[in-house]
Amino acid sequence: MSKGTFDFDEQIDRKNTNSLKYDFAVHRGKPADILPLWVADMDFKVAGPILDAIIKRTQHGIFGYSEVQEDYFEAVKNWMEKKHDWTVERKWLVKTPGVVFALAMAVKAFTEPGDGVMIQQPVYYPFSEVIKDNDRKIVDNTLVLGADGVYRMDLEDFEKKAAGGQVKLFLLCNPHNPVGRVFHREELEKVGEICNRHNIIVVSDEIHQDFVYNGKHQVFANLTEELKNRTITCTAPSKTFNVAGLQVSNIFIPNTELRRKFKKQMAAAGYSQLNTLGLTACEAAYRYGEAWHQELIEYLKENLTFVRKYLEENLPEIRLIEPEGTYLVWLDFRKLSLTEEEREDLIVNKAGLWLDSGAIFGEAGEGFERVNIACPRSTLQLAFDKLRVAIADLKKI
C-alpha cells in the first residue's frame, strides 16, 4: 500500500464526470457496471501544485486566447535536460493539442497520398488510423516476440521495406505502447542508420518517456546530429501527470524546413492557440511535479509486482509480457485457446472487465489484452479476482 506523501490508494469516484473511461460504457456497447482498465489515463488525483495553478488561473475569471512566456519553455526545457539528458531550443517547439494530432499533421506534411508510412505493430491503434484516414499506405515492420518474452525489432525486415522506396515516414513508438519495450540505444542507432540511408523522416512518439522502470529513456533525436535533423519528437505531460483532458503536447522539430512544413499543416487545419488551462497545468507539472512523479513510479512498480505475483499464483495460463516502461501491461491469453469473440465474452460478460483487446493494435496483437495498471491496488485486486473467477468457471464447462 502507498506509504509516501501522496495517497495513490485513494478510491476516487470518477463516474458522472463525463469520463471517457467510466461514463461511456453503454454508449460503447458495454454493460453499465463494467470495471474499466482500458483507456490510458490514471485513476489518481493530480499533484497539488497543478491543482493550485489551475485554481489560481480560474479565479481570474477571464479565459481569452492565451500564449506562453519564457517561463513555460524553461520548465519544459529543464525537465527534458534533467530527466532525459536532452537540451532543447525554444525555436524547435511547436505546441499541439495532442500527440495523435501531431502524428496526423506529420503524415500530411511529409507524405503524399499513396506513400508508405512504416509502423511496428502491435502498436497504438491511432498510428494506423492517421495513416489510413489520410490515404497513405501502412507498411508494417512487425515486432517479433522472442521465446524469452521480449519484443524486438526485425531489422532485416525494416531494411528490406525501407529500401523499397515507398516508405517516406517512420512512426516510432518508444517506450512502446502496448508491449512495454523501452528500446536500447543500440537498437535505435541501427534503425536510425537505415532511416538515414533511405532518407526516411522519423516521428518519434515519446509520450511515455517518463515511465521507465530500469535504466533511462533514450531520446531518438539525441542519438546523432543527422537524426536530430530528420526527427519530430512528440512529448506531453498528459501521461506523466494525468492531464490528458487538458490537451497540450510539446513537439520538438530542430530542422527548420521540417518545422515549416509541419506548422503549415497546422495552419491548414485551422489550429492556433492551445487550451489556457492546459498550458497552465503543463508549466506547473514540469516545474513542481517531480516529487509526485517519483512516488507515482514507485507505486506503479508495486502494482506491477502485484500483477506478476497474482498471475503466477492464480492465473498461470496468462503470461505477463514484462514491461520495461509505460503503465500499461500486455497480457498473453493465447494458452486459453479462445477465439477473439470467446475471449471478449469471457472478459466483458463473464468477468465484467473493460480491457483493450490486442486485436485493435494490429494482427500481431490477436490473443493479447492491454491492461492499465495506473489505479489503486484495490482496483487491481478486484479486477484480477473477477478474471480468476471467470476463468475458473470457464474450465468447469
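**Pockets and cavity of the predicted model**

About 410 Å³ of space lies in the second largest pocket of this predicted model. Its lining comprises 17 residues, of which Arg-57, Thr-276, Leu-279, Thr-280 and Glu-283 are the closest to the centre. The largest pocket has a volume of about 1300 Å³, and the count of cavities of 30 Å³ or more comes to one.

**Second largest pocket**
- Helix 1, helix 2 (70–84) and helix 10 (276–288) each contribute at least two lining residues.
- Helix 10 gives the most to this lining, with seven residues.
- By class, the lining of the second largest pocket holds seven nonpolar, four polar and six charged residues.

**Largest pocket**
- With a volume of about 1300 Å³, the largest pocket is lined by 46 residues, and those closest to its centre are Asp-41, Asn-242, Val-243, Ala-244 and Gly-245.
- The elements that give two or more residues to this lining are helix 1 (48–60), helix 3 (99–110) and helix 8 (238–241).
- Helix 3 provides the largest share of the lining of the largest pocket, four residues.
- The lining of the largest pocket divides into 25 nonpolar, eleven polar and ten charged residues.

**Largest cavity**
- The volume of the largest cavity is about 40 Å³.
- Leu-37, Leu-353, Leu-355, Val-371, Ala-383, Phe-384 and Leu-387 line the largest cavity.
- Seven nonpolar residues make up this lining, with no polar and no charged residues.
- Helix 13 (residues 377–396) gives the most to the lining of the largest cavity, with three residues.

Notes:
Residues are numbered from 1 along each chain as its sequence is written. This is a predicted model: local features need pLDDT of at least 70, side-chain atom pairs count only at pLDDT 80 or more; totals for chains, interfaces and linings use all residues. Side-chain values use heavy atoms; hydrogens and water are left out. On a 1 Å grid over the protein atoms alone, a cavity is a set of points where a 1.4 Å probe fits but cannot get out, and a pocket is an open set with protein on both sides within 12 Å along at least five of seven lines; lining residues have an atom within 4 Å of a point. Grid points are joined across faces, edges and corners, and a volume is the space filled by probe spheres set on the points. Ala, Val, Leu, Ile, Met, Phe, Trp, Tyr, Cys and Pro count as nonpolar, Asp, Glu, Lys and Arg as charged, and the others, Gly among them, as polar.
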